[in-house]
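Let's take a walk through a protein model, one piece at a time. Have the picture ready and follow along.

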Amino acid sequence: MTGSGARWSGREAYERWCESSLGHAYRHSIASVLREWLRDARAGTVLDAGCGPVLAFVDLLPQEAAVLAVDCSLEMARGAVARLDGLRNPALVMAGSVLS
């Protein structure tokens, strides 16, 4: 995670942070902003850029929406595949940059 001073040493460290009180507060604050926007995405496609292992938003994504999840870390993208597998259809997860 750049810009915030936080450095993840891997997916497990990120997942532990997400379960911390700060991680829960982060997910709650983001959910309050995104919930209404995502409500309109029922029949569309949702892009989750910088998806990590999809811990923060998976519960907010409409079941009917197609999901395109992108992360620059192959390890995080693999975590997203593991979390999304069987939860929704269709979902496409890619390791790469949305800038290129």
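## Leu-84 and its neighbours

Start at Leu-84, which touches Val-54, Val-58, Val-67, Ala-69, Ala-91 and Val-93, leaving aside residues up to four places away in sequence. Contact here means heavy atoms within 4.5 Å.

A quick word on ground rules: this is a predicted model, where local features need pLDDT of at least 70 and side-chain atom pairs count only at pLDDT 80 or more, while totals for chains, interfaces and linings use all residues. Residues are numbered from 1 along each chain as its sequence is written, and side-chain values use heavy atoms, with hydrogens and water left out.

## The nonpolar core

Leu-84 also belongs to the largest nonpolar core, a group of 17 residues. Val-54, Ala-69, Leu-84 and Val-93 are the ones with the most contacts inside this core. A nonpolar core is a set of buried Ala, Val, Leu, Ile, Met, Phe, Trp, Tyr and Cys residues joined through side-chain atoms within 4.5 Å. Buried means under 20% relative accessible area, exposed means over 50%, and partly exposed is in between (1.4 Å probe, protein chains only).

Which elements give two or more residues to this core? They are α2 (21-39), β2 (66-71) and α3 (74-84), and the largest share, three residues, comes from α3. Helices (H or I, at least four residues) and strands (E, at least two) are DSSP runs, numbered from the N terminus.

## The sheet

Now look for the open sheet of three strands, in the order β1-β2-β3 with parallel pairing. Strands pair if DSSP finds at least two bridges between them. The edge strands are β1 and β3, each pairing on one side only.

Five bridges link β1 (residues 45-49) with β2, and Leu-47 stands opposite Leu-68 in β2. Another five join β2 to β3 (residues 91-95), where Ala-69 sits opposite Val-93. Is β2 enclosed or open? Five of its six residues are buried, so β2 is largely enclosed by the rest of the structure.

## An aromatic cluster

Tyr-14, Trp-17 and Tyr-26 make up one aromatic cluster. Rings of Phe, Tyr and Trp (its six-membered ring) pair if their centres lie within 6.5 Å; planes under 30 degrees apart are stacked, over 60 edge-to-face, and the rest tilted. By that rule there are two aromatic pairs. Trp-17 and Tyr-26 have ring centres 5.6 Å apart and planes at 55 degrees, so this pair is tilted. Tyr-26 is partly exposed, at 30% relative accessible area.
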